[in-house]
Structures are given as C-alpha cells and as structure tokens.
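Welcome! Take a moment to look over the protein shown here, and then we will walk through it topic by topic.

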Amino acid sequence: MKIQSIRGVKDILPDEIWKWQYIESIVHNIFPRYGFREIRLPIFENTRLFTRSIGEATDIVEKEMYTFQDRGGDSITLRPEGTASVVRAYVEHKMYNPPSILKMFYIGPMFRYERPQAGRLRQFNQIGVEAMGSPSPIVDVEVMTMLMEFFKQLGLTDTQLQINSLGSQECRPHYREILITEIEKHLDQLCSNCTNRYQRNPLRILDCKQCGKIAEGLPKLIDHLDPASAEHFSEVQSLLDSAGTPYSVNPNLVRGLDYYNRTAFEVTSQNLGAQNAICGGGRYDTLVEELDGPSTPCFGFALGLERLVSLVPFDNAKTLQKNPDIFIVCLGDEAKTAAFQIAHELRLKGIRIERDYDAGSMKSQMRKANKTQCRFTLILGENEICSGKYLLKNMETGEQIECPAQELATEIAKFSESS
RNA sequence: GUGGGCGUAGCUCAGCUGGUAGAGCUCUCGGUUGUGGUCCGAGUGGUCGCGGGUUCAAGCCCCGUCGCUCACCCCA
C-alpha cells in the first residue's frame, strides 16, 4: 500500500509557504516593539511537565497527548501546548535572575491526538507569547493590544476580543460551591455531558453550547471575585478603553487549562467554522511556582497559525513569492554551456536565476519561462554567442534589448528599474 | 470515541431505471527559419479507494474495509 501522511497532519507546499513567511515577518516586526524576543524550544518533553502544568483532569492530559516511552524507558510527550515548556526553560535556566520582566515568544508545532476537522489538526502550529514577572494589569493590556495590532497589520477585520476574569485560588472554591448548588437545581435540564461533569468541572457548563440557556441564569464568577481580582479586572477594562482596543466581556468564557487565573481572553472570528477561536490566553500567576520556580506572575497567549493563515487576506503580500528574476533560454550546445557559466556568475551577484536544463525548442523554453513568472528572459542562441551580445526580454512588456556579456548584471539592473 | 457527507484523469467534477467511462482546466506537441501569456488544432492521461457478494453484465445495487471531510466532546 502506498504510504501517505499521518491522519491530521498537513504538508505546507512551496506554493503557499510564502504566506507563512509573510505572517512570520509581521511577527518579527511587531513583537519586538513590545519587548518580546524569540525562544526556540524542544517539541518533546518529560510527560510529567504537562500532567503537572495543564492539569490531570483536563481533556488534553486525559486523552489527547502523544505519549510514548523512549529507549531508555522514560515517558516522553510531544508538546500539546507551549507555555509549559517556556516555564520549564525559565526555571531551568534561572531566567528570573536578575529579577525583571522577561518577554518571549515562540513559533512551532504542537501535537494533540484528536479527530481532525475544519481548523483542527493533530499537528498544528502556534505562535505563543509569554510575559513573565509582573502581576500588573498593564501587562495584560499591552499583550492583548499587541495581539490586536498584529491582527490589524495582517488585514483581519472580523476578529472579536472577549475577556473575562477567572478570579483567584481564594475566591474560586467559594464560587464553585455556589455554582454547583445552583446547577443541581437544574440537573434535569442539562445535556448528558454536563450532568456528567458538573461536579468535576462546573465552570465548563457556562461555556457549553447546548446548555446556553441555563448557563445564562447561573451565577457569574465576575460577581464573586475577591477584591484584588475585581480591582485587577476593572483596571484591565479601563486600560483597554484608553488604548482604544475594542473588546467585550464574556462572563461565560472559561479556559481549558488549569493554570489560568484572573484575566482570561479569547479572540474569535466568524469565518472559521465551528472552531472559531483563533487565539486564547490569559494570566497564570502560580504556574512557575508549581513547577518549582520562584513566585512569578505571568501573562500569555497562544494563537493558531493554520486558522490565522485561513483568515488573512494575502492580496498585498504576493510579491513575497520568490519567482526568478531571470529565466535563461538557450539554443545549441555552445549556448547551453555558456548558460551554465552565466547562471553561476549572476547568482553570485544575488540574482535569482532559473533555466531549462533539457533545452527543448525555443517555444517550449519560452513557455517554461512564462510559467515560472520570471521578470526577464535571457536568450542565448548561436547568434548571441558569436556576437557576444545577449538578448534580454522583459516578460511583462515584451520589450527586448541587446546586452554585451560583460555588462549583463548592470544592464539587468538598469532595465529592471526602467520597466 | 460517536454521528452525517464523500472517494471516478494531476485538479474541479459529470456519469440516467445496472450495458466494460466523459467534460472543463492542467500537461505535451504543433499553428513554416529563434520568442511566452491570448487564440486555434492535435495528443497524453483512469485496476471508477480497496476486498468480497448479487447479476449474463457493476462506476452505479449489497456487505465489509481503508481514507478524506464536516460536526459532537474539547480546543488553537
């Protein structure tokens, strides 16, 4: 049987890689303005890193991880998300010393064993951002503002920022009790999923699509925040207002990972299908400590690159396709040899050269040239070899000039400017 | 893990109540000496996902299987 790729993974082919490179170039342009530097991390880690950080009872840990034993018998997991690795590296390299805020971003593949669907893959790429070392709401807002500015640069027009507060370790248990008692009054109206999980993960019911009606009537966490979290949340809102960043408060917004507290947010788009979140994140003030580092409040997000690629209007970025500058057409053995030499020299001068290695008829070579969408064709025939003057043709205008061999590079530059 | 839809040429898809396959695009080559795109002409290309079954006869009907896709759960 023919071998094909694993279910839920995708090849990114040369014809569309420029889209990814374009997005990455915007990342490298915008993120450093806010003080973020790139970090590159391994794509597999000790399994315990994820079970401890993400939470034993989450779906990711319970059924979605790619976990295997390596030859030494250690349990290894392909990373299902990036934050755990960043925190591990932060603690491992004692990056908290000297103590100051540290801002990093990463780009790379994540792995989750799920049934693929629109906008969901088993190997997918994320851009993640982590700002580590400050509890200030200013950090929350700077990061969210950076994100929305990033989307704006990419030309996205239909993104909605939703925010919520998940409170703290102190107020959440209280609220949880209130919520469970309230839910128990409506047990018969809940979907089967929710009746099963209301004890274990009652917050999820707020977010359930089927139980939306009941969720509306349930008590909201933002009405039961501890004073410090309430203060934090209201500062986040007023800072967003003054930054002019549009948002809406969604009291039912819950995050799937255990480590979040206080600010949680999500960016959604209507043009994505059922999986409508393009980005999710929030504050995680205790994770670093839980992974044996010093108390380090953090804020971060992860955004799905495949989903982003499907949303960006790339009309203005097409010039990033690296078509050849010149396609060399040659006729006859002598010209074929000469073309080899000329291609070599022009490439050393930084010009993108393509040619036809199998030199068929002129017509067929010109057709190939046209297909590469090169800007120029350099025509080398017996006449040109004899005279030492080559023909340079502008493929857009059809205009053609004669050009002495020695002056090829400068002529090309000149011709290139004038057209 | 559960459910719906779909597997026919490189791509997008037709194919009637069963009679051993078609279109458009692409590709290749031509349309008098060495010039692409547009136009015109010709040609290449398919074990109809795979395996069984029913039938004189299966792309079409039945069973199984694999794959893709969308949705649920959950999430980027």
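Domain bounds, as used here, come from an automatic or database domain assignment. For chain A, that assignment gives domain 1 (17–168 + 225–317) and domain 2 (323–418). Please keep in mind that this is a predicted model.

**Overall shape**

- Chain A is built with 16 helices and 16 strands.
- Its radius of gyration is 28 Å, well over the 22 Å that the globule rule gives for 419 residues, so chain A is more spread out than a compact globule.
- Along its principal axes, the C-alpha trace of chain A spans about 95 × 55 × 45 Å.
- Between the C-alpha centres of domain 1 and domain 2 there are 49 Å.
- Of the 419 residues in chain A, 49% are buried.
- If you take the contacts in chain A with a separation of 6 or more, 68% of them come from residues 24 or more positions apart.

**Salt bridges**

- How many salt bridges does the structure hold? There are twelve.
- One of them joins the side chains of Arg88 and Glu92, at 3.0 Å from N to O.
- Both Arg88 and Glu92 belong to helix H4 (residues 83–92), where they are four residues apart, about one turn of the helix.
- Glu92 has 49% relative accessibility, so it counts as partly exposed, since exposed means over 50%.
- Another salt bridge links the side chains of Arg283 and Asp285, at 2.8 Å from N to O. Are these two residues buried or exposed? Arg283 is buried, and so is Asp285.
- Asp325 also forms a salt bridge, with Arg352, and here the closest N and O atoms are 3.8 Å apart.
- Asp325 lies in the loop between helix H12 (305–311) and strand S12 (326–330), while Arg352 lies in the loop between helix H13 (333–348) and strand S13 (353–355), so this pair ties together parts that are 27 residues apart in sequence.
- Arg352 is partly exposed, with a relative accessible area of 36%.
- Through salt bridges that share partners, Glu45, Arg88 and Glu92 are joined into one network.

**Aromatic rings**

- A pair of aromatic rings is described by the distance of the centres and the angle of the planes.
- The structure holds eleven aromatic pairs. In one of them, the ring centres of Tyr259 and Tyr260 are 5.0 Å apart and the planes are at 50°, so the pair is tilted.
- Tyr259 counts as buried at 4% relative accessibility, and Tyr260 is buried as well, with a relative accessible area of 6%.
- Which residues form one aromatic cluster? They are Phe31, Phe105, Phe150 and Phe151.

**Charges over rings**

- The charged end of Lys103 sits over the ring of Phe36, at 5.7 Å from the ring centre.
- Arg122 has its charged end over the ring of Tyr113, 3.9 Å from the centre of that ring.

**A look at Gln126**

- You can find Gln126 in strand S6 (residues 123–132).
- With a relative accessible area of 8%, Gln126 is buried, because buried means under 20%.
- Leaving aside neighbours within four places in sequence, the contacts of Gln126 include Glu81, Gly82, Tyr106, Ile107 and Gly108. Also among them are Met110, Arg112, Ala302, Leu303 and Leu305.

Note on methods:
Residues are numbered from 1 along each chain as its sequence is written. Chains are lettered from A and ligands numbered from 1 in the order in which they are written. This is a predicted model: local features need pLDDT of at least 70, side-chain atom pairs count only at pLDDT 80 or more; totals for chains, interfaces and linings use all residues. Side-chain values use heavy atoms; hydrogens and water are left out. A salt bridge is a side-chain nitrogen of Lys or Arg within 4 Å of a carboxyl oxygen of Asp or Glu. Helices (H or I, at least four residues) and strands (E, at least two) are DSSP runs, numbered from the N terminus. Buried means under 20% relative accessible area, exposed over 50%, partly exposed in between (1.4 Å probe, protein chains only). Rings of Phe, Tyr and Trp (its six-membered ring) pair if their centres lie within 6.5 Å; planes under 30 degrees apart count as stacked, over 60 as edge-to-face and the rest as tilted. A charge sits over a ring if NZ of Lys or CZ of Arg is within 6 Å of the ring centre and within 35 degrees of the ring normal. Contact means heavy atoms within 4.5 Å. The radius of gyration is taken over C-alpha atoms; the globule rule is 2.2 Å times the number of residues to the power 0.38.
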